[in-house]
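Start with the model itself.

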Amino acid sequence: MTEPARQQYGVTPPISVATPTDKEVERNQALIEELKKQGSFEGAEESQKRVQVLNTLQNLTENFVKKVCANKGMPEHIIKNSGGKIFTYGSYRLGVYGPGSDIDTLLVTPAHVTRHDFFATLPAMLQELVPPPEDLSMVPDAFVPIIKFKLQSISIDLIFARLANVNSVPKDMALSDKELLRGCDEVNLRCLNGTRVTDEILTLVPKPGVFRMALRGIKLWAQRRAIYANVMGFPGGVAWAMLVARICQLYPMAVSAVVISKFFKILAHWTWPQPVLLKGIEDGPLSVRVWNPKIYPSDRGHLMPIITPAYPSMCATHNITKSTKSIIIREMKQAAEIMDGIMVGNLSWDKLFERHSFFTNGYRYYLSVVAAAKDKDTLLGWSGLVESKLRHLVMKLEILETIKLAHPFNKGFDNVHFCETEEEAIRIANGEIKAIDNQVGVKTVVTDLKAERNGDVEKKEDESKFKVYTTTYYVGLEINTEISKHIDISWASQEFFETCKTWPSYNEDEHTIHINLTRNFELPDNVFQSAEIKPVKKTKTKIIKRKAGAANSGSATKKRSADENMDVKV
């Protein structure tokens, strides 16, 4: 009797359909225990709270649609039957969320409810909830317009989409049908894409449970190695998920530990820019752009293309630069060696999840990119803009032959500075005071612009003092000293400044930006964790030959900085 044909997942047949060995099962169990130890899983009580919050949002959505319809004077049967639904996407929908994770949510309405209604009506309705949301903010002009808030201590990112040819959105609606996209503008397509891609990924893996556990491991590794941030030129959550899904397709019977091992072994040597695809690229009913490097020059420029499976297919990694590509591959090769040790039992899983050494043993030179403003809310928008443009600075640095590599760190560091005089505050904002901790009359306090409450820190300081809020982003530089010890990056810096200042909300009286060259021993304490050792200034000994008969007083050696001859113009 012939064995029934196995289902093929993906665009190629599997590499292996071997079932797990006892040793692989053992390594997999050790992976699960290590992820628990690392705090990757949320407790049942917290998960239940998420369900309750989503139920609250679903009820709010239905009431919101009814209210908008009533305000527009629509008939009762339309008010009653219009519906409205909350969808999730991202880590929550994939089932890989952990303690403190936010929930990415999408509010979908029928055609007669607009994005203007979303921003004009919903925030007031949110405030009527008991308990009301905290830290409510709206960004209606973002690439993906969004409302952010915390509900019962759970962070919510809420976006909106209307279905242009639909008069009712019932609770059981799915978004898989491409026909639902007819009439949607580009903003609506982007908003719908998150949920559609997430749902499609889950249908394209042979064993969702194996996929989820492997993805938890890869996410933790990428976060610990500081290569998890789409805005900075590294893969984001959906890109890492698609990479893991592709390995699951190639090894459909494997346990999660094997998937992680094969992940690094295969992708560290992937023949980029060959794209990673979970399925063939589909045509659809819309006259919209679908990723195609044969037609579009910009698509040919993608260095590590990972293509979304849902129509219209897009590249999830278009932000990757020459430098970040090198860093990702370097990290994967190192992880592949570690995984070899783990799978034969010579190393434990915690070795894979060790923290990065970006600041402790990464580079001798860093660029400190500092965004500043007089108040927290102003800086929140300004620093977000600077962060979104930082990869443009990286790409300009990559053009210079004296720069081998420009490595952006994947997050910024927030500070608030309390100054005795307005002149001091202006000098800090303009970057004229570099070593702030050494300045008399200036106190620097670590803060978090996005934290629920920062006021307690500020209230401890004298309210009569002048405050400056800053966010600092770091770029590690690998310098090609064989070409020159004199490096001029002033052109790249100026171009970057001009790019940031084209922001429609830019105001030279409220927003400042500057770049400092920072040596590793000059890095501030707040970039290091408690157990990490801060680099110290290195010196080298130079023998000084003295003439016969010269005075023999003092030392015959002179201490010089190892970096003394390097000249970098910012």
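Of the 570 residues in the protein chain, 50% are buried. The model is predicted. Its protein chain holds 15 helices and 15 strands.

**Chain totals**

- The protein chain has an accessible surface of about 27,700 Å². Carbon and sulfur atoms account for 50% of that surface.
- Among contacts in the protein chain with a separation of 6 or more, 72% join residues 24 or more positions apart.

**Helices α1 and α7**

- Helix α1 spans residues 22-37, and helix α7 spans residues 208-224. Their axes come within 11 Å and cross at roughly 50°.
- The two helices are therefore oblique to each other.
- The crossing of α1 past α7 is left-handed.
- From α1, Leu-31, Ile-32 and Leu-35 take part in the contact. They meet Met-213, Arg-216, Gly-217 and Leu-220 of α7.
- By class, this contact of α1 with α7 comprises five nonpolar residues, one polar and one charged.

**Helices α2 and α5**

- Helix α2 covers residues 44-71, and helix α5 covers residues 115-127. Here the axes come within 10 Å and cross at roughly 125°.
- That angle makes α2 oblique to α5.
- α2 passes α5 in a crossing that is right-handed.
- On the α2 side, the contact residues are Leu-57, Leu-60, Asn-63, Phe-64, Lys-67 and Val-68. On the α5 side, they are Asp-117, Phe-118, Thr-121, Leu-122, Met-125 and Leu-126.
- Eight nonpolar, two polar and two charged residues make up the contact of α2 with α5.

Technical notes
Residues numbered from 1 in each chain as written. Predicted model: local features only at pLDDT ≥ 70, side-chain atom pairs only at ≥ 80, totals over all residues. Heavy atoms only, no water. Axes fitted to C-alpha atoms, helices over the stretch in contact; angles between N-to-C directions. Helix = DSSP H or I, 4+ residues; strand = E, 2+ residues; numbered from the N terminus. Parallel < 35°, antiparallel > 145°, perpendicular 65-115°, else oblique. Left-handed = near helix turned anticlockwise from the far one by under 90°. Contact = heavy atoms within 4.5 Å. Nonpolar A, V, L, I, M, F, W, Y, C, P; charged D, E, K, R; others polar. Buried < 20%, exposed > 50% of the residue type's maximum accessible area, 1.4 Å probe, protein only. Areas by Shrake-Rupley, 256 points an atom, 1.4 Å probe, with all protein chains shown as cover.
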